[in-house]
Amino acid sequence: MQDHSPKTAIIIGGSAGVGRAVVDALLHHGYRVGVIARGRNRLADMELTPGIVTAVADAGDARALEQAVNHIVARQGVPTVWVNCAMATSFSAFMDMDADEFDRIVRTTFLGQVNGTRAALQHMTRGSIVNVGSGLAYRSVPMQSAYCAAKHAINGFTSSVRSELIRAGSKVSLSLVQLPAINTPQFDWARSRLAHKPQPAPPIFAPEVAARAILKAIDTGARELFVGRSVLQLVFGQVVAPDYLDRRLAKDGVDVQQSDTPDPGTNRGNLFDPVDHAPTAAGSYGDEASDTGIVVDADLTRQAVFIGLPVLALAAGFLLGRGRRSNRH
């Protein structure tokens with residue numbers, strides 16, 4: 001096995017969207033970056049940038065991904081940073097999707113991270129692996145059943161492997177970053193059967209917000225990060241009132257995923273073949289996207305909520321009791 005190369009990273013799904021924003025951020029911090037994706041034309045454009053090497057592979061194809069990783073490692077050395085963020089989705093009702101379509105989304109979005117993590121651990125003995133999740137990993141929405149299923153699966157997979165790494169005394173950290181709605185090209189090229197062009201459900205954030213959160217996970221080795229207040233609302237709303245959210249999303253969950261631009265609802269998207277698109281991070285909703293968003297440690301946030309609330313309740317009861325005693329006197 002080769003020695004690890006400091007300031008070297010591999011990004012799976014790094015030719016557009018969040019992955020591209022992460023590539024740019026790592027380059028800015030002095031990393032050499034290997035990028036693996038399906039789109040040959042986008043990768044060819046990225047190869048022109050100093051510090052980037054590329055390889056073509058479908059993240060859902062374990063053997064092809066392994067070969068692509070071996071190619072990049074041979075060119076730039078073993079990475080100390082690895083980010084898995086390949087994804088695909090379809091804005092469609094479950095019963096309108098055939099089995100191949102559903103399988104393809106799960107293969108790219110979930111198995112892409114499984115295959116990426118396996119390939120990373122075949123080479124890395126230290127460093128950081130970051131799996132990119134979503135608030136939808138905790139609270140699903142209508143019209144994206146396959147994508148939501150895949151994001152839920154990433155949570156379970158990552159927790160299991162993390163425990164194995166801890167048991168083995170590994171020096172590789174495995175982090176999860178749960179993202180809100182991000183303005184990426186997926187809303188321009190995803191398969192859709194909606195009556196209007198898909199949009200990120202507001203509030204919308206710029207891809208750079210996601211990239212900063214992923215770099216924070218790399219720097220700190222955090223177990224899990226929540227990005228944006230909307231993710232906090234989804235996570236804790238699902239804990240407190242899942243039935244309410246079922247009904248609320250049944251009423252409003254489809255409309256918030258549609259823009260005002262009519263669409264025939266027949267966009268075949270990029271599920272089975274990459275589409276012709278520039279290697280850009282941002283999509284079409286930049287005017288509505290915020291450049292800032294909170295990034296919080298998920299474990300500390302849970303502790304603050306579930307320990308803090310009983311303490312507040314105890315304090316309130318104590319003060320109420322004192323008030324009643326004072327009134328009697």
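Predicted model: local features only at pLDDT ≥ 70, side-chain atom pairs only at ≥ 80, totals over all residues.
Colleague: Which residues in helix 4 and helix 5 meet?

Modeller: On the helix 4 side, they include Phe102, Ile105, Val106, Phe110 and Leu121. Among their partners in helix 5 are Tyr147, Ala150, Ile154, Phe157 and Leu165. The residues of this contact of helix 4 with helix 5 divide into 15 nonpolar, four polar and one charged.

Colleague: Nice. And helix 3 with helix 4: at what angle do those axes cross?

Modeller: Roughly 40°, and the axes of helix 3 (residues 62–76) and helix 4 come within 10 Å. Helix 3 and helix 4 are therefore oblique to each other, and helix 3 passes helix 4 in a right-handed crossing.

Colleague: Which residues in helix 3 meet helix 4?

Modeller: Ala62, Leu65, Glu66, Val69, Asn70 and Val73 do. In helix 4 they meet residues including Gly112, Asn115, Arg118 and His123. By class, the contact of helix 3 with helix 4 has five nonpolar, six polar and two charged residues.

Colleague: How about helix 1 and helix 7, at what angle do they pack?

Modeller: Helix 1 and helix 7 (residues 207–220) pack at about 60°, with axes 8 Å apart. That angle is why helix 1 and helix 7 are called oblique to each other. The crossing of helix 1 and helix 7 is right-handed. Helix 1 brings Gly17, Val18, Ala21, Val22, Ala25 and Leu26 to the contact, and helix 7 brings residues including Pro207, Glu208, Ile214 and Ile218. By class, the contact of helix 1 with helix 7 has 11 nonpolar, one polar and one charged residues.

Colleague: Changing topic: where does Gly13 lie?

Modeller: Gly13 lies in the loop between strand 1 (8–12) and helix 1 (17–28).

Colleague: Does Gly13 count as buried or exposed?

Modeller: Buried, because its relative accessibility is 18% and the cut-off for buried is under 20%. Leaving out residues up to four places away in sequence, Gly13 touches Gly19, Ile36, Cys85 and Ala86.

Colleague: How many residues apart in sequence are Gly13 and Met87?

Modeller: They are 74 residues apart in sequence, yet 7.4 Å apart in space, C-alpha to C-alpha.

Colleague: And Ser140, where is its place?

Modeller: Ser140 is in the loop between strand 6 (126–134) and helix 5. Ser140 counts as partly exposed because its relative accessibility is 26%. Not counting residues up to four places away in sequence, Ser140 touches Cys148, His152 and Leu249. The C-alpha atoms of Ser140 and Asn41, 99 residues apart along the chain, are separated by 34 Å.

Colleague: Last one: what should helix 8 span, given 12 residues?

Modeller: At 1.5 Å a residue, helix 8 (residues 229–240) should span 16 Å, which agrees with its end C-alpha atoms being 16 Å apart.

Colleague: Which residues of helix 8 are buried?

Modeller: Those are Ser230, Val231, Leu232, Val235, Phe236 and Gly237.

Methods:
Residues numbered from 1 in each chain as written. Heavy atoms only, no water. Contact = heavy atoms within 4.5 Å. Helix = DSSP H or I, 4+ residues; strand = E, 2+ residues; numbered from the N terminus. Nonpolar A, V, L, I, M, F, W, Y, C, P; charged D, E, K, R; others polar. Expected span 1.5 Å × (residues − 1). Buried < 20%, exposed > 50% of the residue type's maximum accessible area, 1.4 Å probe, protein only. Axes fitted to C-alpha atoms, helices over the stretch in contact; angles between N-to-C directions. Parallel < 35°, antiparallel > 145°, perpendicular 65-115°, else oblique. Left-handed = near helix turned anticlockwise from the far one by under 90°.
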